[in-house]
Every structure is written in C-alpha cells, then in structure tokens.
Amino acid sequence: MNEEKVMTENEQKKDYLYQYRTHVRRIKRIEAELEEIRAMKMHPSVTNDGMPHGGGQNDLSGYASSLDGLERELLHERYLRVKSYMDISRRIKRLRSERERDVLFYRYIKGMDWWDIADKMGYCERHIHRYHGKALAHFELPKDVMECQYEK
C-alpha cells in the first residue's frame, strides 16, 4: 500500500518558513566548496614516485569548469535566498502581533534557537512556544503552496 504523508497546515507553514535558512545553508556549503577547490589549486599535492603524470598544473580546464559551475550555482542560490527573504519577511510583517512577528523573524530568518529567542525577547521558552503557535495560526501561506499540497 502506497500511503503518502499529508502535511498538516502548520508543517507546511514551517516548511515554507525554513526555505530561507535552507538557502543560507546551501550558500555556505557552496562557498566552502569553492574555497576548497581554490585551496587545492594553490597547493596541489605532489606525487614523487618518479613516474610521469599527465594533466598536471598546465591543464586548467577542469579547474575552471568546476569553479564556473559552482559560481553559477552560488549566484542562483543567492538569488533564491533574496527572493525567499523578501516574500517571507513580507508575510511575517502582515501579522498583527509584534511578538508573533519577532518570534517568526528570529526563528526562521535569523535561525535562532528557542532559548536564544526567549532570552532576546525577555520571556521564558514556554511563552515563546505559545507565541510561535499563535504566529503560525495567523501566518498566511501563498496560495500556490496550499494548492501544491492538494494536487498530490
């Protein structure tokens, strides 16, 4: 039997809100990959076994291709991050309660842990979770996200 898990509305909202942090994380990984590739080119390993090896430092096409591909991926991911930020922050700002806006902003845009949010806002974690629940209840997903769930 092939049962698909249907996400609750709150799970959909969290998933949507986490998009921004996902882009931030991907950007950091791509930047780390670029740094690693550049470091390998700056300090290539030397094989001192007396045997001739082809393709050494003179062939930069593979290196250039790797860099170009990652730089394009980085540029695209940065575009998606900005697009995601603009949409999510606009939707968060629509909430009436400043506390609810703060909780969603700190959690999903800044990526803060619950205890850090509680400390920053001057409340206990239990209150932060309550504000979070209320904020999710009031948060409106884009219509296309809701429609995608029901098309499956």
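Buried here means under 20% relative accessible area, exposed means over 50%, and partly exposed lies in between, using a 1.4 Å probe and protein chains only. Helices are DSSP runs of H or I with at least four residues, strands are runs of E with at least two, and both are numbered from the N terminus. This is a predicted model, in which local features need pLDDT of at least 70 and side-chain atom pairs count only at pLDDT 80 or more, while totals for chains, interfaces and linings use all residues. Residues are numbered from 1 along each chain as its sequence is written, and side-chain values use heavy atoms, with hydrogens and water left out.

- Helix H6 covers residues 125-138, which makes 14 residues. From its first C-alpha to its last it reaches 20 Å, close to the 20 Å expected at 1.5 Å a residue (the expected span is 1.5 Å times one less than the number of residues).
- Which residues of H6 are buried? They are Ile128, Tyr131, His132, Ala135 and Leu136. These residues cover an arc of only 135° around the axis, which puts them on the same side of H6; the arc is that of the directions from the helix axis to the C-beta atoms.
- On the face turned away from that buried side, H6 carries the exposed residues Arg126 and Ala137.
- Histidine 132 is found in H6, and its relative accessible area of 6% makes it buried.
- Leaving aside neighbours within four places in sequence, histidine 132 is in contact with Lys14, Val103, Leu104, Tyr108 and Trp114. Contact means heavy atoms within 4.5 Å.

**The chain as a whole**

- The protein chain has 7 helices and 0 strands, and along the sequence the pattern reads α-α-α-α-α-α-α.
- Of its 152 residues, 29% count as buried.
- Take the contacts between residues at least 6 apart in sequence: 70% of them join residues at least 24 apart.
- The chain exposes about 11200 Å², and carbon and sulfur atoms supply 50% of that area. Accessible areas come from the Shrake-Rupley method with a 1.4 Å probe, and for residues only the protein chains shown count as cover.

**Aromatic pairs**

- The structure holds 5 aromatic pairs. Rings of Phe, Tyr and Trp (its six-membered ring) pair if their centres lie within 6.5 Å; planes under 30 degrees apart count as stacked, over 60 as edge-to-face and the rest as tilted.
- Tyrosine 20 and tyrosine 85 form a tilted pair, at 5.6 Å centre to centre with 55° between the planes. Tyrosine 20 lies in helix H2 (residues 19-42) and tyrosine 85 in helix H3 (residues 61-93), so their pairing ties together parts that are 65 residues apart in sequence.
- Tyrosine 20 is buried at a relative accessible area of 12%, whereas tyrosine 85 is partly exposed at 29%.
- Tyrosine 123 is partly exposed at 28% relative accessibility, while tyrosine 131 counts as buried at 14%.

**Salt bridges**

- How many salt bridges are there? The count comes to 9, where a salt bridge is a side-chain nitrogen of Lys or Arg within 4 Å of a carboxyl oxygen of Asp or Glu.
- Glutamate 77 and arginine 26 are joined by a salt bridge (3.7 Å, N to O). Glutamate 77 lies in helix H3 and arginine 26 in helix H2, so this pair ties together parts 51 residues apart in sequence.
- In that pair, glutamate 77 is buried at 7% relative accessibility, and arginine 26 is partly exposed with a relative accessible area of 36%.
- Glutamate 31 and arginine 78 meet in another salt bridge (2.7 Å, N to O). With glutamate 31 in helix H2 and arginine 78 in helix H3, the pair ties together parts that are 47 residues apart in sequence.
- Glutamate 31 counts as partly exposed at 32% relative accessibility, and arginine 78 counts as partly exposed at 34%.
- Within helix H3, arginine 91 and aspartate 87 lie 4 residues apart, about one turn of the helix. Their salt bridge has its closest N and O atoms 3.2 Å apart, and both residues are buried.
- Salt bridges that share partners also join Arg29, Glu33 and Glu73 into one network.
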